[in-house]
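User: I would like to learn how to read some features of a model. Please show it first, and then I will ask.
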Amino acid sequence: MKIQSLDPRIARAELSEEGEAPFTLPPLDQYETYEVFHLAVRGAQPVHVGSLHAPNPEIALLFAKEQYARRSKCVSIWVVRTADIHAIGVDDADIFETTPGKDYREARGYRVGGKLTAFKRKNMASNE
Amino acid sequence: MNEHAALKDLLYRIADDELIIAHRNSEWTGLGPILEEDIAFSSIAQDKLGHSHALYEILHTLGEPEADTTAFTRDERRFRCCHLVEYPIGAYDFSLMRHFMFDTAEHLRFDMLEHSTFEPLARLAVKIRGEIRYHIFHANTWIAQLGMQGSEESHARMQGALNDVLPLALGIFEPSEFEEELAADGIFPGEKALQERWLETIVPTVERAGLRMPGLAAITPAYGGRRGFHTSYLAPLLAEMTEVFRIDPSAEW
């Protein structure tokens, strides 16, 4: 006996009621995944909010709006095919490590606040 | 003569359409073709329910009963919805085509109502504009996708759905006895004007989707709903929709 379900996703899988071995869906049966980014306010940076399944970018946008912009403020939404994102994965996180005592290589290593304030003050004074 | 009779009739027509299509579309919740579409379509149904509630609230300010009473206690003959919204959900092609045709008419109707001299309705029209824009985006995207970019089967099914839905959709624009009065008072320009704009809007979308628009001359629009004559589908829907309410009408939610 195959399990009959109102849910086409279940019916399509033709699961037996006796419980066979775990099935695998054939390739391309599932839609691609898209990553969703949203902008909470104009001018903000897009923030990754999650992913979804869709057959193409238009439908991905259609779904993204309801999935990720329904319960919070949003002014713009981006979708990107997951396959189009190239990444250095967390398995390789150690390549981001650096030896101690090299603060000068990081932005926070520069102490320029005082110089900048002095420059601005001088400039504003000369403009007056 | 009943004060505001023309205005109330207009409001009931719009509100009842919104309530019944909301109920029908919500029947897809949990059964949508894929999870993401299920969420989107359910959310659209919920928006429609909100629109009907807002309209029943306006009717309440005109002396009609409270929104819940109006929605859940009237018998079938007092509903003013068109036949289109009463039909069972059928297959997804039918529901999508109904969504496309109904929502386009809804969008154009509220677009006209933004200029209504009846301010509560004009304000509501502005308030729900964004929601309806998404509904239109959703409908148009699917019509284009399944008509043009899908398979032969999807194209054939959308064409079949178009042929089935069109006579029902034309029933949206069943004229009432108040057309001239509403137009003269600047409340609403009328169903005839709306139908013209609707045809101008849907025909290009249908054609871009590679679908063929049937000739209108041979079609009999499904009229009757606006005068309280409904299909046999409405009574069972109302029985189901009001089932919980009738157990205890005084219950606090």
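User: Which exposed residues does the face of α11(B) turned away from its buried side carry?

Analyst: Some ground rules come with this predicted model: local features need pLDDT of at least 70, side-chain atom pairs count only at pLDDT 80 or more, and totals for chains, interfaces and linings use all residues. Residues are numbered from 1 along each chain as its sequence is written, and chains are lettered from A and ligands numbered from 1 in the order in which they are written. A residue is buried if 20 or more other C-beta atoms, placed from the backbone, lie within 10 Å of its own, exposed if 12 or fewer, and partly exposed in between. Helices (H or I, at least four residues) and strands (E, at least two) are DSSP runs, numbered from the N terminus. On that face, α11(B) carries P236(B), A239(B) and E240(B) as exposed residues.

User: Which residues of α11 in chain B are buried, and why are they said to line one face of the helix?

Analyst: An α-helix has 3.6 residues a turn, so residues three or four places apart point the same way. Helix α11 of chain B spans residues 234–241, and its buried residues are L234(B), L237(B) and L238(B). They line one face because, down the axis of α11(B), they fall within an arc of 95 degrees (the arc of the directions from the helix axis to the C-beta atoms). The buried residues of α11(B) pack against α1 (5–26) and α4 (83–86) of chain B; two residues are in contact if their C-beta atoms, placed from the backbone, lie within 7 Å.

User: Is E18(B) buried or exposed, and which residues does it touch?

Analyst: E18(B), in helix α1 of chain B, is buried, because 25 other C-beta atoms lie within 10 Å. Leaving out residues up to four places away in sequence, E18(B) touches K48(B), H51(B), S52(B) and L55(B).

User: At what angle do α2 and α7 of chain B pack?

Analyst: Two packed helices are described by the angle between their axes and the distance between the axes. Axes are lines fitted to C-alpha atoms, for helices over the stretch in contact, and angles run from 0 to 180 degrees between N-to-C directions. Here α2 (residues 35–61) and α7 (residues 129–149) of chain B pack at about 140 degrees, with axes 11 Å apart. A40(B), I44(B) and D47(B) in α2(B) meet E131(B), H135(B) and H138(B) in α7(B).

User: How many helices and strands does chain B have, and how many does chain A have?

Analyst: Chain B has 12 helices and zero strands. Its radius of gyration, taken over C-alpha atoms, is 18 Å, close to the 18 Å that the globule rule gives for 253 residues, so chain B is as compact as a globular protein of that length; the rule is 2.2 Å times the number of residues to the power 0.38. Chain A has three helices and three strands, in the order α-β-β-α-β-α from the N terminus. Buried residues make up 40% of the 253 residues in chain B and 12% of the 128 residues in chain A.

User: How many residues of each chain take part in the contact?

Analyst: Chain A supplies 14 residues and chain B supplies 13 residues. On the side of chain A that touches chain B, β2 (47–54) and α2 (57–68) of chain A each supply at least two residues, and α2(A) gives the most, with seven residues.
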